[in-house]
Amino acid sequence: MIRLALLGGWLMSFSAWAQNLVPNPSFEELIRCPHSFSTDRKDFIVPGWISATRGTPDQFHACSWGEADVPYNWAGSSNAKTGKGYIGIYVWMSRTDDNNYREYIQCELAEPLRSGTRYRVEFYYKLASYAVYAANRIGLHLSAEQLSYDHDQPIDVVPILSVEADSAITPATGSWEHAVMDFKATGGERFVTIGNFYSNEQTKSTRLPQRIGKSNMLINSAYYFIDDVSVESLDSVPPITPSRTEFSSEHVELDHDYILKNIQFEFDSYLLMKSSFKELNQVVDLLETNPTFHVRLSGHTDFIGSDEYNLTLSRNRARSVADYFISKGIKPERIQSFGFGKARPIVLEKTDEARMINRRVEVRFTAPEPVGKF
(Lines give C-alpha, C1' and ligand atoms only; values in the text may rest on other atoms or scores of the structure.)
Protein backbone atom coordinates (compact mmCIF):
# COMPACT_ATOMS: atom_id res chain seq x y z
CA MET A 1 0.00 0.00 0.00
CA ILE A 2 1.28 3.50 -0.82
CA ARG A 3 1.01 6.16 1.86
CA LEU A 4 0.86 9.80 0.88
CA ALA A 5 2.03 12.23 3.54
CA LEU A 6 -0.69 14.87 3.22
CA LEU A 7 0.73 17.71 5.27
CA GLY A 8 -2.31 19.82 6.03
CA GLY A 9 -4.06 18.45 2.94
CA TRP A 10 -6.96 16.28 1.85
CA LEU A 11 -8.19 14.52 -1.27
CA MET A 12 -11.38 15.63 -2.92
CA SER A 13 -13.10 15.34 -6.28
CA PHE A 14 -12.10 17.92 -8.85
CA SER A 15 -13.37 17.95 -12.40
CA ALA A 16 -13.45 21.61 -13.40
CA TRP A 17 -10.74 22.91 -15.70
CA ALA A 18 -8.07 24.88 -13.86
CA GLN A 19 -4.87 26.71 -14.74
CA ASN A 20 -1.74 24.59 -14.34
CA LEU A 21 0.88 26.91 -12.87
CA VAL A 22 3.79 24.64 -13.86
CA PRO A 23 5.75 25.70 -16.97
CA ASN A 24 6.42 23.02 -19.56
CA PRO A 25 4.61 20.46 -17.35
CA SER A 26 5.05 17.44 -19.62
CA PHE A 27 8.48 18.42 -20.95
CA GLU A 28 7.35 18.85 -24.53
CA GLU A 29 9.07 22.20 -25.08
CA LEU A 30 12.66 21.99 -26.26
CA ILE A 31 15.68 24.18 -26.69
CA ARG A 32 17.49 21.34 -28.42
CA CYS A 33 16.86 17.64 -28.94
CA PRO A 34 18.67 15.59 -26.28
CA HIS A 35 21.28 13.17 -27.59
CA SER A 36 22.37 11.24 -24.47
CA PHE A 37 22.51 11.39 -20.67
CA SER A 38 23.76 14.48 -18.84
CA THR A 39 27.27 14.57 -17.40
CA ASP A 40 27.01 18.08 -15.92
CA ARG A 41 24.11 20.02 -14.42
CA LYS A 42 24.59 22.54 -17.25
CA ASP A 43 23.75 19.79 -19.76
CA PHE A 44 20.18 19.76 -18.43
CA ILE A 45 18.64 22.48 -20.60
CA VAL A 46 14.86 22.14 -20.47
CA PRO A 47 12.61 25.21 -20.79
CA GLY A 48 11.26 26.14 -17.38
CA TRP A 49 13.31 23.57 -15.45
CA ILE A 50 16.72 23.36 -13.79
CA SER A 51 18.71 20.98 -11.59
CA ALA A 52 18.45 22.01 -7.92
CA THR A 53 21.81 20.45 -7.03
CA ARG A 54 25.00 19.28 -8.74
CA GLY A 55 23.07 16.19 -9.80
CA THR A 56 22.52 15.74 -13.52
CA PRO A 57 18.89 14.97 -14.51
CA ASP A 58 18.30 13.69 -18.04
CA GLN A 59 15.86 14.72 -20.76
CA PHE A 60 14.19 12.25 -23.13
CA HIS A 61 12.18 13.18 -26.20
CA ALA A 62 10.92 11.54 -29.38
CA CYS A 63 12.82 14.09 -31.48
CA SER A 64 16.10 12.43 -30.46
CA TRP A 65 17.83 9.98 -32.79
CA GLY A 66 20.26 8.87 -30.09
CA GLU A 67 20.28 7.42 -26.60
CA ALA A 68 17.70 9.92 -25.30
CA ASP A 69 14.88 8.86 -27.63
CA VAL A 70 11.29 8.10 -26.64
CA PRO A 71 10.22 5.35 -26.31
CA TYR A 72 13.63 3.60 -26.66
CA ASN A 73 16.59 5.07 -24.79
CA TRP A 74 19.64 4.24 -22.69
CA ALA A 75 17.51 3.87 -19.53
CA GLY A 76 14.89 1.56 -20.99
CA SER A 77 11.73 1.53 -23.05
CA SER A 78 8.76 3.71 -22.18
CA ASN A 79 6.22 5.89 -23.89
CA ALA A 80 5.58 9.25 -22.26
CA LYS A 81 2.59 9.51 -19.95
CA THR A 82 1.36 12.15 -22.38
CA GLY A 83 3.06 13.74 -25.36
CA LYS A 84 6.58 12.86 -26.48
CA GLY A 85 8.90 13.73 -23.61
CA TYR A 86 9.82 13.07 -19.99
CA ILE A 87 12.65 13.56 -17.51
CA GLY A 88 14.81 10.93 -15.77
CA ILE A 89 16.34 11.17 -12.27
CA TYR A 90 18.20 8.91 -9.86
CA VAL A 91 16.23 8.60 -6.61
CA TRP A 92 18.51 6.01 -4.97
CA MET A 93 21.97 4.59 -5.57
CA SER A 94 23.92 1.88 -3.76
CA ARG A 95 27.55 2.78 -3.10
CA THR A 96 30.16 1.28 -0.82
CA ASP A 97 31.32 4.73 0.31
CA ASP A 98 27.84 5.61 1.64
CA ASN A 99 27.46 8.33 -0.98
CA ASN A 100 23.70 9.01 -1.18
CA TYR A 101 23.67 10.35 -4.75
CA ARG A 102 20.41 12.09 -5.72
CA GLU A 103 19.02 14.12 -8.61
CA TYR A 104 16.28 16.77 -8.43
CA ILE A 105 14.37 18.86 -10.95
CA GLN A 106 13.02 22.30 -10.09
CA CYS A 107 10.76 24.92 -11.70
CA GLU A 108 9.30 28.29 -10.82
CA LEU A 109 5.50 28.51 -10.90
CA ALA A 110 3.70 31.03 -13.07
CA GLU A 111 2.68 32.89 -9.91
CA PRO A 112 3.12 32.44 -6.14
CA LEU A 113 0.44 30.42 -4.37
CA ARG A 114 -2.18 32.38 -2.49
CA SER A 115 -2.59 32.09 1.26
CA GLY A 116 -5.57 29.97 2.30
CA THR A 117 -6.27 28.77 -1.25
CA ARG A 118 -6.56 25.04 -1.87
CA TYR A 119 -4.39 23.51 -4.58
CA ARG A 120 -3.96 20.10 -6.15
CA VAL A 121 -0.32 19.04 -6.61
CA GLU A 122 0.54 16.01 -8.72
CA PHE A 123 3.06 14.28 -10.96
CA TYR A 124 3.60 10.88 -12.55
CA TYR A 125 6.65 8.67 -12.08
CA LYS A 126 7.78 5.35 -13.55
CA LEU A 127 10.69 3.01 -12.82
CA ALA A 128 12.95 2.80 -15.88
CA SER A 129 12.95 -0.70 -17.38
CA TYR A 130 16.76 -0.99 -17.28
CA ALA A 131 16.98 0.03 -13.61
CA VAL A 132 17.93 -2.99 -11.51
CA TYR A 133 16.62 -1.55 -8.23
CA ALA A 134 13.30 -0.04 -7.18
CA ALA A 135 12.95 2.46 -4.31
CA ASN A 136 9.98 3.24 -2.10
CA ARG A 137 10.32 7.02 -1.84
CA ILE A 138 9.79 10.00 -4.10
CA GLY A 139 8.24 13.39 -3.42
CA LEU A 140 7.58 17.02 -4.26
CA HIS A 141 8.59 20.10 -2.25
CA LEU A 142 7.11 23.60 -2.48
CA SER A 143 9.19 26.57 -1.33
CA ALA A 144 9.05 30.35 -1.41
CA GLU A 145 12.72 30.55 -2.36
CA GLN A 146 14.67 28.74 -5.04
CA LEU A 147 16.65 25.75 -3.79
CA SER A 148 20.24 25.66 -5.02
CA TYR A 149 22.84 23.32 -3.54
CA ASP A 150 26.48 22.76 -4.43
CA HIS A 151 26.33 19.00 -3.78
CA ASP A 152 24.62 15.89 -5.17
CA GLN A 153 23.29 14.47 -1.90
CA PRO A 154 19.76 14.39 -0.42
CA ILE A 155 18.21 17.83 0.10
CA ASP A 156 17.39 18.30 3.76
CA VAL A 157 13.79 19.52 3.49
CA VAL A 158 10.45 17.83 4.18
CA PRO A 159 8.45 17.39 0.96
CA ILE A 160 4.83 18.48 1.07
CA LEU A 161 3.89 15.51 -1.14
CA SER A 162 5.73 12.38 -0.02
CA VAL A 163 5.17 8.96 -1.58
CA GLU A 164 6.29 6.21 0.79
CA ALA A 165 5.44 2.66 -0.21
CA ASP A 166 5.48 -0.17 2.36
CA SER A 167 7.97 -1.91 0.09
CA ALA A 168 10.04 -0.83 -2.88
CA ILE A 169 8.03 -3.08 -5.22
CA THR A 170 4.28 -2.72 -5.62
CA PRO A 171 1.85 -4.09 -8.22
CA ALA A 172 2.22 -0.76 -10.06
CA THR A 173 6.03 -0.84 -10.25
CA GLY A 174 7.17 -0.45 -13.85
CA SER A 175 4.05 1.43 -14.96
CA TRP A 176 3.23 5.13 -14.67
CA GLU A 177 2.32 5.79 -11.04
CA HIS A 178 0.40 8.82 -9.80
CA ALA A 179 1.49 11.02 -6.87
CA VAL A 180 -1.26 13.48 -5.92
CA MET A 181 -2.49 15.48 -2.95
CA ASP A 182 -4.66 18.49 -2.12
CA PHE A 183 -3.51 21.10 0.39
CA LYS A 184 -4.07 24.64 1.61
CA ALA A 185 -1.26 27.04 0.72
CA THR A 186 0.56 29.04 3.35
CA GLY A 187 1.09 31.70 0.71
CA GLY A 188 4.10 32.69 -1.35
CA GLU A 189 5.14 29.19 -2.42
CA ARG A 190 6.49 29.48 -5.96
CA PHE A 191 9.17 26.82 -6.56
CA VAL A 192 8.52 23.10 -7.15
CA THR A 193 11.27 20.53 -6.55
CA ILE A 194 10.89 16.79 -7.28
CA GLY A 195 13.08 13.89 -6.14
CA ASN A 196 13.81 11.65 -3.15
CA PHE A 197 14.47 13.82 -0.09
CA TYR A 198 15.50 10.94 2.18
CA SER A 199 18.81 9.18 2.82
CA ASN A 200 19.63 5.60 1.87
CA GLU A 201 19.00 4.58 5.49
CA GLN A 202 15.50 6.05 5.30
CA THR A 203 14.76 4.61 1.84
CA LYS A 204 13.80 1.00 1.17
CA SER A 205 15.25 -0.52 -1.98
CA THR A 206 14.77 -3.88 -3.65
CA ARG A 207 16.76 -5.56 -6.38
CA LEU A 208 14.65 -6.86 -9.25
CA PRO A 209 16.15 -10.32 -9.92
CA GLN A 210 14.83 -10.56 -13.47
CA ARG A 211 16.77 -7.48 -14.53
CA ILE A 212 20.39 -7.91 -15.54
CA GLY A 213 21.33 -4.26 -16.03
CA LYS A 214 21.56 -3.38 -19.72
CA SER A 215 23.04 -0.05 -18.71
CA ASN A 216 26.09 -0.04 -16.44
CA MET A 217 24.89 3.17 -14.78
CA LEU A 218 21.68 1.47 -13.64
CA ILE A 219 23.08 -1.76 -12.18
CA ASN A 220 23.15 -0.32 -8.65
CA SER A 221 20.48 2.34 -9.00
CA ALA A 222 16.79 3.17 -8.83
CA TYR A 223 16.12 5.49 -11.77
CA TYR A 224 12.69 6.95 -12.47
CA PHE A 225 11.03 8.83 -15.31
CA ILE A 226 8.93 11.93 -14.42
CA ASP A 227 6.05 13.37 -16.46
CA ASP A 228 2.93 15.56 -16.22
CA VAL A 229 3.69 17.81 -13.25
CA SER A 230 0.77 19.97 -12.15
CA VAL A 231 -0.13 22.59 -9.53
CA GLU A 232 -3.72 23.80 -9.94
CA SER A 233 -6.08 25.82 -7.77
CA LEU A 234 -9.16 24.05 -6.43
CA ASP A 235 -10.80 27.30 -5.39
CA SER A 236 -12.12 30.23 -7.34
CA VAL A 237 -9.55 32.98 -6.94
CA PRO A 238 -9.88 36.67 -7.75
CA PRO A 239 -8.53 37.27 -11.25
CA ILE A 240 -5.26 39.10 -11.66
CA THR A 241 -5.82 42.39 -13.43
CA PRO A 242 -3.40 42.43 -16.35
CA SER A 243 -1.29 45.47 -17.15
CA ARG A 244 -2.00 47.53 -20.26
CA THR A 245 1.43 49.16 -20.30
CA GLU A 246 3.10 48.79 -23.67
CA PHE A 247 6.78 47.93 -23.87
CA SER A 248 9.28 50.71 -24.49
CA SER A 249 12.97 50.02 -24.15
CA GLU A 250 13.47 53.57 -22.84
CA HIS A 251 11.18 53.13 -19.82
CA VAL A 252 11.51 49.74 -18.13
CA GLU A 253 10.92 48.86 -14.49
CA LEU A 254 11.83 45.52 -12.99
CA ASP A 255 9.00 43.13 -12.00
CA HIS A 256 6.46 44.96 -14.14
CA ASP A 257 4.52 43.35 -17.00
CA TYR A 258 4.68 45.03 -20.42
CA ILE A 259 2.70 44.20 -23.52
CA LEU A 260 4.72 43.50 -26.66
CA LYS A 261 2.24 45.30 -28.88
CA ASN A 262 3.73 44.50 -32.27
CA ILE A 263 4.22 40.75 -31.85
CA GLN A 264 2.21 38.90 -34.44
CA PHE A 265 1.81 35.24 -35.37
CA GLU A 266 0.53 33.38 -38.38
CA PHE A 267 -3.21 32.72 -38.14
CA ASP A 268 -4.06 30.02 -35.59
CA SER A 269 -0.33 29.31 -35.25
CA TYR A 270 2.69 30.08 -33.08
CA LEU A 271 4.94 30.93 -36.03
CA LEU A 272 6.27 34.46 -35.58
CA MET A 273 5.73 36.90 -38.44
CA LYS A 274 8.68 39.01 -39.61
CA SER A 275 6.86 42.16 -38.56
CA SER A 276 7.51 41.06 -34.94
CA PHE A 277 11.28 41.12 -35.21
CA LYS A 278 11.77 44.88 -34.77
CA GLU A 279 10.22 44.98 -31.30
CA LEU A 280 11.76 41.66 -30.29
CA ASN A 281 15.19 42.99 -31.25
CA GLN A 282 14.61 45.93 -28.90
CA VAL A 283 14.12 43.43 -26.07
CA VAL A 284 17.28 41.59 -27.13
CA ASP A 285 19.23 44.86 -27.09
CA LEU A 286 17.93 45.63 -23.60
CA LEU A 287 18.97 42.21 -22.33
CA GLU A 288 22.41 42.55 -23.89
CA THR A 289 22.85 45.98 -22.31
CA ASN A 290 21.74 44.62 -18.92
CA PRO A 291 23.37 41.17 -18.64
CA THR A 292 22.02 40.59 -15.11
CA PHE A 293 18.40 40.92 -16.27
CA HIS A 294 16.27 37.83 -16.69
CA VAL A 295 13.10 37.87 -18.75
CA ARG A 296 9.75 36.23 -18.18
CA LEU A 297 7.33 35.80 -21.08
CA SER A 298 3.62 35.05 -20.83
CA GLY A 299 1.32 34.18 -23.71
CA HIS A 300 -2.40 35.05 -23.74
CA THR A 301 -5.18 34.25 -26.21
CA ASP A 302 -8.69 35.50 -26.93
CA PHE A 303 -11.90 33.69 -25.94
CA ILE A 304 -12.36 31.67 -29.15
CA GLY A 305 -11.68 27.94 -28.74
CA SER A 306 -11.47 25.52 -25.84
CA ASP A 307 -9.55 26.18 -22.63
CA GLU A 308 -7.08 23.38 -23.34
CA TYR A 309 -6.45 24.49 -26.93
CA ASN A 310 -5.86 28.10 -25.92
CA LEU A 311 -3.56 27.12 -23.07
CA THR A 312 -1.39 25.10 -25.45
CA LEU A 313 -1.40 27.84 -28.09
CA SER A 314 -0.43 30.51 -25.56
CA ARG A 315 2.43 28.38 -24.25
CA ASN A 316 3.72 27.75 -27.75
CA ARG A 317 3.56 31.44 -28.67
CA ALA A 318 5.49 32.47 -25.55
CA ARG A 319 7.99 29.71 -26.30
CA SER A 320 8.41 30.98 -29.88
CA VAL A 321 9.40 34.39 -28.53
CA ALA A 322 11.83 32.72 -26.11
CA ASP A 323 13.35 30.72 -28.96
CA TYR A 324 13.84 33.92 -30.94
CA PHE A 325 15.76 35.49 -28.05
CA ILE A 326 17.91 32.36 -27.77
CA SER A 327 18.64 32.49 -31.52
CA LYS A 328 19.96 36.02 -30.95
CA GLY A 329 22.40 34.86 -28.28
CA ILE A 330 20.43 35.30 -25.05
CA LYS A 331 21.25 32.40 -22.72
CA PRO A 332 18.31 30.02 -22.13
CA GLU A 333 18.73 30.15 -18.35
CA ARG A 334 17.81 33.87 -18.44
CA ILE A 335 14.41 33.15 -20.00
CA GLN A 336 11.16 31.75 -18.62
CA SER A 337 7.98 31.31 -20.61
CA PHE A 338 4.41 30.62 -19.51
CA GLY A 339 1.02 30.30 -21.15
CA PHE A 340 -2.25 31.44 -19.58
CA GLY A 341 -4.63 30.76 -22.45
CA LYS A 342 -7.76 32.91 -22.17
CA ALA A 343 -7.73 33.04 -18.35
CA ARG A 344 -6.46 36.64 -18.08
CA PRO A 345 -8.30 38.91 -20.50
CA ILE A 346 -7.61 42.63 -20.39
CA VAL A 347 -11.14 43.43 -21.54
CA LEU A 348 -14.20 41.21 -21.07
CA GLU A 349 -16.20 42.22 -24.13
CA LYS A 350 -16.53 39.56 -26.81
CA THR A 351 -15.88 41.80 -29.79
CA ASP A 352 -13.26 41.66 -32.52
CA GLU A 353 -11.48 44.60 -30.91
CA ALA A 354 -11.46 42.84 -27.54
CA ARG A 355 -10.09 39.69 -29.14
CA MET A 356 -7.23 41.66 -30.64
CA ILE A 357 -6.40 43.32 -27.30
CA ASN A 358 -6.50 40.08 -25.32
CA ARG A 359 -4.37 38.18 -27.84
CA ARG A 360 -0.89 39.19 -26.71
CA VAL A 361 2.55 38.31 -25.33
CA GLU A 362 3.72 40.08 -22.19
CA VAL A 363 7.29 40.52 -20.95
CA ARG A 364 8.62 41.07 -17.43
CA PHE A 365 12.23 41.85 -16.57
CA THR A 366 13.69 40.59 -13.30
CA ALA A 367 17.07 40.67 -11.61
CA PRO A 368 17.23 37.55 -9.41
CA GLU A 369 19.38 37.77 -6.34
CA PRO A 370 22.12 35.12 -6.08
CA VAL A 371 20.93 32.06 -4.19
CA GLY A 372 22.74 29.04 -2.85
CA LYS A 373 23.02 26.62 0.04
CA PHE A 374 26.18 24.67 0.58
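C107 is buried, at a relative accessible area of 1% (buried is under 20%, exposed over 50%, partly exposed in between, with a 1.4 Å probe and protein chains only). The model is predicted: local features need pLDDT of at least 70, side-chain atom pairs count only at pLDDT 80 or more, and totals for chains, interfaces and linings use all residues. Residues are numbered from 1 along each chain as its sequence is written, and side-chain values use heavy atoms, leaving out hydrogens and water.

Q: Which residue forms a disulfide with C33?
A: A disulfide is a pair of cysteine sulfur atoms within 2.5 Å. The sulfur atom of C33 has its partner 2.1 Å away. C33 lies between β1 and β2 and its partner between β3 and β4, so the bond ties together parts 30 residues apart in sequence. The partner is C63.

Q: Is P242 buried or exposed?
A: P242 sits in the loop between β15 and β16. P242 touches R344, P345, I346, R360 and E362, not counting residues up to four places away in sequence (contact means heavy atoms within 4.5 Å). At 19% relative accessibility, P242 counts as buried.

Conventions
Helices (H or I, at least four residues) and strands (E, at least two) are DSSP runs, numbered from the N terminus.
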